[in-house]
Amino acid sequence: MRVMAQMGMVMNLDKCIGCHTCSVTCKQAWTNRAGTEYVWFNNVETRPGQGYPRRYEDQDKWRGGWVLNKRGKLVLKAGGRVKKLFGIFASPVQPELKDYYEPWTYDYKTLVDAPLGDDFPVARPKSLITGEDTKITWSANWDDDLGGSAEYGHLDPIVEKVRRESEDKIKFAYEQTFMFYLPRICEHCLNPSCMASCPSGAIYKRVEDGIVLVDQDKCRGWRQCITGCPYKKIYFNHKTGKAEKCTFCYPRVEVGLPTVCSETCVGRLRYLGLFLYDADAVTAAAAVTDPQELYDAQMDVLLDPNDPAVRAEARAQGIPEDWIDAARRSPVYALAKVYKVALPLHPEYRTMPMVWYVPPLSPVVDLLRDQGHDGEDVGNLFGAIDALRIPVEYLAELFTAGDADRVTTVLKKLAAMRSYMRGITMGNDPDDSIPEAVGMDGQTMYEMYRLMAIAKYEERYVIPKAHVEQAHDLEEMGCSLDFEGGPGMQDSSPFGEASGRPVPVAVETFNALRDRQTSDEAPGETTLRGRVNLLNWDGTGAPPGLFPEKAFVPEKQAAPAPPPAPAPSSRPGEQP
Amino acid sequence: MLASSLAMLEAEPGSAVVISALDIVLWGVLPYVMVVVLVGGLLWRYKYDQFGWTTRSSQLYESRLLRIASPLFHFGLLAVIAGHFFGLVIPMAWTQAVGMSQEFYHFNALVVGGIAGVGTLGGILLLIYRRRTTGPVFMATTRNDKTMYVVLTAAIVFGLWTTLASVFEGEHGHNYRETVAPWFRSLFVFQPDLGAMAAAPFSFHLHTLVGMALFVIWPFTRLVHAFTAPFHYLFRPYIVYRSRDRDRDGNRAGAAAARSSGTAARRGWSAVGTRDRDTRNR
């Protein structure tokens, strides 16, 4: 047994309202750059829908993930090492920009600069790739809220599959439509096929927390990872020629902060925490024959952090005590393995994904309510789940490789929790027959309710900090003294300041956060180091700090700290 | 050296015998300057511009033409490189010793080399056409790329010229294995056989010069990706772990128990060819 720690995420799909806040904040934080215009590390898909990039789940076409060969061995679906090297000059099945979408902006300048005339000026859409006028035909969430599903709905690979099996039962007639939202990030798999596909060995999994990252220095742009990832969550930065992917916001996670997508989620549907798993068992678990047993195999790989033997082994392997403690309090472990309500996305890809989903009960409840039934009654709900084969089969294709019974079990647990807690809230005695009907006891069900419905911040996010003594080294893997101000820092290398190694971002984040948390002053005073926050600047005059100081001025240091934002009335003349 | 080159010159009636100062610069000095720039440039770039060391693939923009042109060019080029190896490195005496006649050698060289050369040239012409006509690809083309394309195409064209010329000249064609090849091999022992190279026809001189120019700009263009051709992919484990505290086998420091139980450095879980920065720095 080789115990390793893995940061994981659970998303409770019942709570997702499809607001795209996670996508937008993630984009602002990570992919708001040239070369990544089309890239969404986090995207939210309406299901049924084609997803982003279009039809990425159609592995017959895109050939992502792993398959078993004739001898039952795990091999990359796109081919082995030799085949990959022979295909390296033109990656055979790489999605093109049109499979994602052509990013665009608008010619806003015309709106203000157009000469006086009879016609109103319009802001034409301009391609961010060519700079020319463009026709907007698709985007990352073009079929949001089933927009265009009457026309495109049949293109959803899962709809295709379920229809084949259930003879056209999924109808896109408006009144019969079901839908839900699926936010997706990188799965930070235990058995990542992107990593296995990388000829350069630039993609790696961090031993400490299992986050999968691309070494930007080692990536040579061979593009095989894009084919390899069945979730199509590795993107090609067309300006730098390097692969990029979701980073699990490692600079935040290392200092105990949730990822940006989790932090800004208005539905508070994301959970972050640790899994302990047996690294030696992963390959065998990913190679079980029946795809529907992959879920169980994945469960067996996850270790119980309350088991003293597991804890002792974890300690022996150098996992810090506070990390073991965090694993015991982990909400993701609770949802995935204790309550067994969180399911992995597409286990049949055999990558052992570590971002889990609580399947949505809402379509069922909505349907009952719309038909005039009591959507909270356990009998109604159980009956409806059984009757609503179509959504269940659809969910099963997403989360259990088609095992509808497993999805039904989870949905019944959610339905039971709903009814059980409604009874308690109405002042009735707890009806313990309800939890028993789904194989739980009242106490466990109540705890599950606490975690899923009350969902306090500190219960949703149990993120052990990277150890201070190790923080310098965690990312960029640089010399611990070689950061700004550190003893190992050299002002510039022979080839200028920009050459050589970057300042470890983890060190910067760590120091900034510590400054913020231990400072008596308003934020911005210390972290901005005397610079001005341009967001608060009204554009007139030059507030102190807009330009760097030429020399050290002692009076300024002694003066009381100025307010964080320059007052609107401040004018250049008023500056001392 | 002089004697051997003179001996060779006797076999080449009508060619210049005199070694001029220009010959010394071109065939005695320039090759070493080229190597210094190539090696120095590669080392410099490897140390200071890992981030820029990439294929800069444009497949995201356009795939239909690339799918044909790029493999055509690259595989053609691999064949061309193999041909250069045979022609330049392996002495004529060796092939004759194994019973390969001059005619047979040349026939092979012309057919295989011709096909490879035409494929490479066709590939690069198609790639240049694609680059010029596909809007996004042309937008992503830097001045550096354009310079590189000119030199690379010139090297291929002049190389093909030497090959085709010998096709048309037939029996009377120039035997580069008696001029260019001995000069090439003599460079490695620091005894440049200037006379041999000086005796080669102009087309070979031109091809060699452009080839050296290509190697000089090589480290500073996107061509560098060739030097990190990922052969170690064939041997590395699929799953790559990296850690802050790691010994050479990829074990975590303090994981003595795992090591003693013999489970740590199994295939698939051990270190890979890409070394971490931490191991470089410590």
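User: Where in chain A is A:Pro53?
Analyst: A:Pro53 sits in the loop between β2 and α2. Helices (H or I, at least four residues) and strands (E, at least two) are DSSP runs, numbered from the N terminus. This is a predicted model, in which local features need pLDDT of at least 70 and side-chain atom pairs count only at pLDDT 80 or more, while totals for chains, interfaces and linings use all residues. Residues are numbered from 1 along each chain as its sequence is written, and chains are lettered from A and ligands numbered from 1 in the order in which they are written.

User: What kind of peptide bond joins A:Tyr52 and A:Pro53?
Analyst: Most residues other than glycine have a negative phi, and most peptide bonds are trans. The bond between A:Tyr52 and A:Pro53 is cis, with omega about -5°. A cis bond also links A:Arg47 to A:Pro48, with omega about 0°. A:Pro48 lies in the loop between β2 (43–47) and α2 (59–62) of chain A.

User: What is the phi of A:Lys232?
Analyst: Phi of A:Lys232 is near 50°, positive in a residue that is not glycine. A:Lys232 belongs to the loop between α9 (224–228) and β10 (234–237) of chain A. B:Arg56 has a positive phi of about 50°, and B:Arg56 is not a glycine either. B:Arg56 is found in the loop between α2 (21–48) and α3 of chain B.

User: Is A:Lys232 buried or exposed?
Analyst: Count C-beta atoms, placed from the backbone: 20 or more others within 10 Å means buried, 12 or fewer exposed, in between partly exposed. A:Lys232 has 23 other C-beta atoms within 10 Å, so it is buried. B:Arg56 has 20 within 10 Å, so it is buried. Of the 576 residues of chain A, 47% count as buried.

User: Which residues have the most contacts inside the largest nonpolar core?
Analyst: In soluble globular proteins, nonpolar side chains tend to be buried together. A nonpolar core is a set of buried Ala, Val, Leu, Ile, Met, Phe, Trp, Tyr and Cys residues joined through C-beta atoms within 7 Å. The largest here has 144 residues, and A:Val10, A:Met195, A:Ile203, A:Val332 and A:Leu335 have the most contacts inside it. Helix α20 (residues 404–425) of chain A gives the most to this core, eight residues. Apart from it lies another core of 16 residues, including A:Phe89, A:Trp222, B:Ala116 and B:Leu152.

User: What is A:Ile203 in contact with, leaving aside neighbours within four places in sequence?
Analyst: Contact means C-beta atoms, placed from the backbone, within 7 Å. A:Ile203 is in contact with A:Cys194, A:Met195, A:Cys198, A:Val212, A:Val214, A:Cys225 and B:Val240. The bridge partner of A:Ile203 in β9(A) is A:Val214.

User: In what order do the strands of the open sheet run?
Analyst: Strands pair if DSSP finds at least two bridges between them. The order of the three is β9(A)-β8(A)-β1(B), with mixed pairing. β9 (212–214) of chain A and β1 (241–242) of chain B stand at the edges with a single partner strand each, so one side of each has no neighbour in the sheet. Strand β8 (residues 203–206) of chain A pairs with β9(A) in the antiparallel sense, over three bridges.

User: At what angle do helices α3 and α8 of chain B cross?
Analyst: Axes are lines fitted to C-alpha atoms, for helices over the stretch in contact, and angles run from 0 to 180 degrees between N-to-C directions. The axes of α3 (residues 64–89) and α8 (residues 180–188) of chain B come within 8 Å and cross at roughly 90°. B:Gly87, B:Leu88 and B:Val89 of α3(B) make the contact with B:Val180, B:Ala181, B:Phe184 and B:Arg185 of α8(B).

Methods: Contact = placed C-beta atoms within 7 Å.
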